[in-house]
Amino acid sequence: MKKLLSFTDVCMAVIGACVMAFGLYEIHSFSGVTEGGVLGLTLVLNHHFSFSPAITSFIMNLICYFIGWRILGKRFVIYSAIATVSFSVMYRILEMTPPIFKEIYEYPLVAAIIGAIFIGVGAGLCVRAGGAPSGDDALAMGFSKLLRTRIEVVYLISDLTVILLSLTYIPVKRLVFSLLTVVLSGRIIGVIERYKRK
């Protein structure tokens, strides 16, 4: 039986969460290209109510982890908690620094692709470590297991729901790029997850 915590996996979860935080803050929050799931929902709340994603992601993730706890198991929840805290701390640090890519709004296709890489690789590293940096990742993995379907399908359904909510502040043309980024990031996570199983 695999031990509960591994130094390598903890490091991988922390690095993956920090990569995601960088992509969400530096790319998605300035580009008008959003993510799905909890990440995208934090941006919706940030836009309409000025709630910091550092706080809202933490709260929503706790709710999702509580719901998925019985499905996912103790080890997964521990690694997910490590990734969630790492994400929130890193995002907060980034909020206190000047943005690097302020002009990214002018290049939505580039933002969609680069953002998808950051989110996909970051979440993928967390999945390989045995956890997830956001609650929708936890739920996606849980429902994927319960429904015996590929994780990309579960991600796509939840992401499309959040993208529809994002229509309240993002123009339709921008949401086409958001759709591209969620499909790409979901595929990257799925590839990394299947590589782990092999």
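This is a predicted model: local features need pLDDT of at least 70, side-chain atom pairs count only at pLDDT 80 or more; totals for chains, interfaces and linings use all residues.
Residues are numbered from 1 along each chain as its sequence is written. Local features need pLDDT of at least 70 and side-chain atom pairs count only at pLDDT 80 or more, while totals for chains, interfaces and linings use all residues; side-chain values use heavy atoms, leaving out hydrogens and water.

**Nonpolar cores**

A nonpolar core is a set of buried Ala, Val, Leu, Ile, Met, Phe, Trp, Tyr and Cys residues joined through side-chain atoms within 4.5 Å, where buried means under 20% relative accessible area (1.4 Å probe, protein chains only). The largest such core has 27 residues, and M20, L24, L39, F76, F87 and Y91 have the most contacts inside it. At least two of its residues come from each of α1 (7-31), α2 (37-49), α3 (53-72), α4 (74-95), α5 (108-129), α6 (135-147) and α7 (151-166); helices are DSSP runs (H or I, at least four residues) numbered from the N terminus. Helix α1 gives the most, with 6 residues. Leaving aside residues up to four places away in sequence, L39 touches M20, L24, F87, I119 and D136, contact meaning heavy atoms within 4.5 Å. A second, separate core of 5 residues includes I27, V33, I104 and A112.

**Aromatic pairs**

The whole structure holds 5 aromatic pairs. Rings of Phe, Tyr and Trp (its six-membered ring) pair if their centres lie within 6.5 Å; planes under 30 degrees apart count as stacked, over 60 as edge-to-face and the rest as tilted. Two of the pairs are set out below.

| Pair | Centre distance | Plane angle | Class |
|---|---|---|---|
| Y25 and Y91 | 5.4 Å | 90 degrees | edge-to-face |
| F87 and Y91 | 5.9 Å | 35 degrees | tilted |

Because Y25 lies in helix α1 and Y91 in helix α4, their pair ties together parts 66 residues apart in sequence. F87 and Y91 both belong to helix α4, 4 residues apart, about one turn of the helix. Y25 is buried at 8% relative accessibility, Y91 at 3% and F87 at 1%. Y25, F30, F87 and Y91 form one aromatic cluster.

**The second largest pocket**

A pocket is an open set of points on a 1 Å grid over the protein atoms alone, where a 1.4 Å probe fits, with protein on both sides within 12 Å along at least five of seven lines; lining residues have an atom within 4 Å of a point. The second largest pocket has a volume of about 180 Å³, a volume being the space filled by probe spheres set on the points. Of its 13 lining residues, H28, S29, G32, H47 and Y169 lie nearest its centre. Helix α1 provides the largest share of the lining, 4 residues.

Technical notes: Buried means under 20% relative accessible area, exposed over 50%, partly exposed in between (1.4 Å probe, protein chains only).
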